[in-house]
Amino acid sequence: MFFSIGSKSSLSPLIASVINYIRNNISADLSCKALSSHFFINRNQLSARFKKETGKTLNEFITHERIQRAKNLLTNTDKSLSEIASYLGFSSQSYFHTVFKRLTGQTPKEFRKQTSIIK
């Protein structure tokens, strides 16, 4: 699943900064409330601008980024599924499993078995 965000030049400095912040702080509180506070902007304005510029909601983008990071962790580490779920801010391993399978078509365990370089 490829998740395209407009070219850097088509994004405002604010939205480019939000994307960069999300990618660099994937295990932090990335709620709209927390992000809007961090960037000193009204929640509704942030949500609307993000959707307008990227075509995706904040939650869709954050979830995608977390699943991409999960794929990397599943492939390149021996961290447990619960450690990965917790690190990435999922409320439970079960919810992580559900979201991962919905977006990738595989469970985290199936994905790891197929792709892991850690034996």
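What pattern does the protein follow, read along the sequence? I read it off as α-α-α-α-α-α-α.

**Ground rules.** I noted that this is a predicted model, where local features need pLDDT of at least 70, side-chain atom pairs count only at pLDDT 80 or more, and totals for chains, interfaces and linings use all residues. Residues are numbered from 1 along each chain as its sequence is written, and side-chain values use heavy atoms, with hydrogens and water left out.

**Overall.** I get 7 helices and 0 strands for the secondary structure. Helices (H or I, at least four residues) and strands (E, at least two) are DSSP runs, numbered from the N terminus. The C-alpha trace spans about 45 × 25 × 20 Å along its principal axes. Of the 119 residues, 39% are buried; buried means under 20% relative accessible area, exposed over 50%, and partly exposed in between (1.4 Å probe, protein chains only). I also looked up contacts, meaning heavy atoms within 4.5 Å. Taking those between residues at least 6 apart in sequence, 58% join residues at least 24 apart.

**α3, length and faces.** I checked the span of α3 (43-54). Which residues of α3 are buried? I find Leu46, Phe50 and Thr54. Down the helix axis these fall within an arc of 30°, so they line one face of α3; the arc is that of the directions from the helix axis to the C-beta atoms. Asn44 and Lys52 are exposed on the other side of α3. The cover over the buried residues of α3 includes α1 (13-24), α2 and α4.

**α3, both ends.** At the start of α3, a side-chain oxygen of asparagine 42 comes to within 2.7 Å of the backbone nitrogen of asparagine 44. I count that as a polar contact: a pair of N or O atoms within 3.5 Å, where within protein one must be able to donate a hydrogen and the other to accept it, and residues adjacent in sequence count only if both atoms are side-chain atoms. Just after α3, glycine 55 has a positive phi of about 80°.

**α1 against α3.** The axes of α1 and α3 come within 10 Å and cross at roughly 95°, which makes α1 roughly perpendicular to α3 (65 to 115 degrees; under 35 is roughly parallel, over 145 roughly antiparallel, the rest oblique). Leu14, Ile15, Val18 and Ile19 of α1 make the contact with Leu46, Arg49, Phe50, Glu53 and Thr54 of α3. Axes here are lines fitted to C-alpha atoms, for helices over the stretch in contact, and angles run from 0 to 180 degrees between N-to-C directions.

**Phe40.** Is phenylalanine 40 buried or exposed? It is exposed, with a relative accessible area of 78%. I located phenylalanine 40 in the loop between α2 (32-38) and α3. Its phi is near 55°, positive in a residue other than glycine.

**α7 and what follows.** In α7 I find Pro108, Phe111 and Arg112 buried. Those buried residues fall within an arc of 100° down the axis, so they line one face of α7. They pack against α4 (58-76), α5 (81-87) and α6 (93-104). Lys109, Lys113 and Gln114 are exposed on the face of α7 turned away from the buried side. Serine 116 sits in the segment after α7 (108-115) and is buried, at 10% relative accessible area. Leaving out residues up to four places away in sequence, serine 116 touches Leu74 and Thr75.
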